[in-house]
Amino acid sequence: MSAATTLAERARHAIEVKHSRFLALAAPVATPEAALAFLAEVADPAATHNCWAYRIGAQYRFNDDGEPSGTAGRPILAAIDGQGCDQAVVVVTRWYGGIKLGAGGLVRAYGGAAAECLRRAPRRELVTYAELELAYPFADTGAVHATLNAFGADKADERFDAAGARVRVRLPAAQLDALKAQLRDATRNRVRLSEPDAPPSPA
């Protein structure tokens, strides 16, 4: 299975169907709030419709914005999923041209504009991150920090007490096992490792 991707940057694609203009605007988003903020930013109040959809992991929403039910928002979501895109929002704005397209024509126009916008957009791979908590004696601080730096792990919440040091780190989940092995070797197995209960976070 190929890794999930998201957009590397915002993208746009315009088409015209029977004098109606459709403009698809897409953006990478990490939260539903960011998706709705993008919608508020790019929706044209003077347009006939601003239809949209987003997919963020298991979370998704779509809206037909006055078009017949199922002819706009759902095809946009289907385009996002069909392009294998995650953490993305697409807004397709329509300026009515005077000729009705029918349900099938609307589905093709909205879905097609969204799909082509995403197909042309630059992508980046979505990396799943994991967190790890370390506890170790003061004497091993240098070895632990050197190992964490070698893996490019982000350090946070470092604390010291009478027993030694504790630190929470974040790194790509794919590197977790290698980091654990390297830490054990570097400290002669004196580092204690635990994974927080929170699930790994994609980014």
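1. The count of aromatic pairs in this predicted model comes to three. Rings of Phe, Tyr and Trp (its six-membered ring) pair if their centres lie within 6.5 Å; planes under 30 degrees apart count as stacked, over 60 as edge-to-face and the rest as tilted.

2. One of the pairs joins W52 and Y54. The pair is stacked, with 6.2 Å from centre to centre and 10 degrees between the planes. Both W52 and Y54 are buried (under 20% relative accessible area; exposed is over 50%, partly exposed in between; 1.4 Å probe, protein chains only).

3. F138 and F160 make another stacked pair, at 6.1 Å centre to centre and 20 degrees between the planes. F138 sits in the loop between strand 8 (128-136) and helix 4 (141-151), and F160 in strand 9 (residues 154-161), so the pair ties together parts 22 residues apart in sequence. Helices (H or I, at least four residues) and strands (E, at least two) are DSSP runs, numbered from the N terminus. F138 is partly exposed, at 45% relative accessible area. F160 is exposed, at 52%.

4. R21 lies over the face of W95, 4.4 Å from the ring centre. The rule asks for NZ of Lys or CZ of Arg within 6 Å of the ring centre and within 35 degrees of the ring normal.

5. UniProt lists residues 135-190 as "domain: UPF0029" in an unreviewed entry; its positions are given in the numbering used here, feature names are shortened, and annotations may be inferred rather than shown by experiment. The end C-alpha atoms of residues 135-190 lie 9 Å apart. This span is 39% helix and 34% strand.

6. Residues are numbered from 1 along each chain as its sequence is written, and side-chain values use heavy atoms, without hydrogens and water. Local features need pLDDT of at least 70, and side-chain atom pairs count only at pLDDT 80 or more, while totals for chains, interfaces and linings use all residues.
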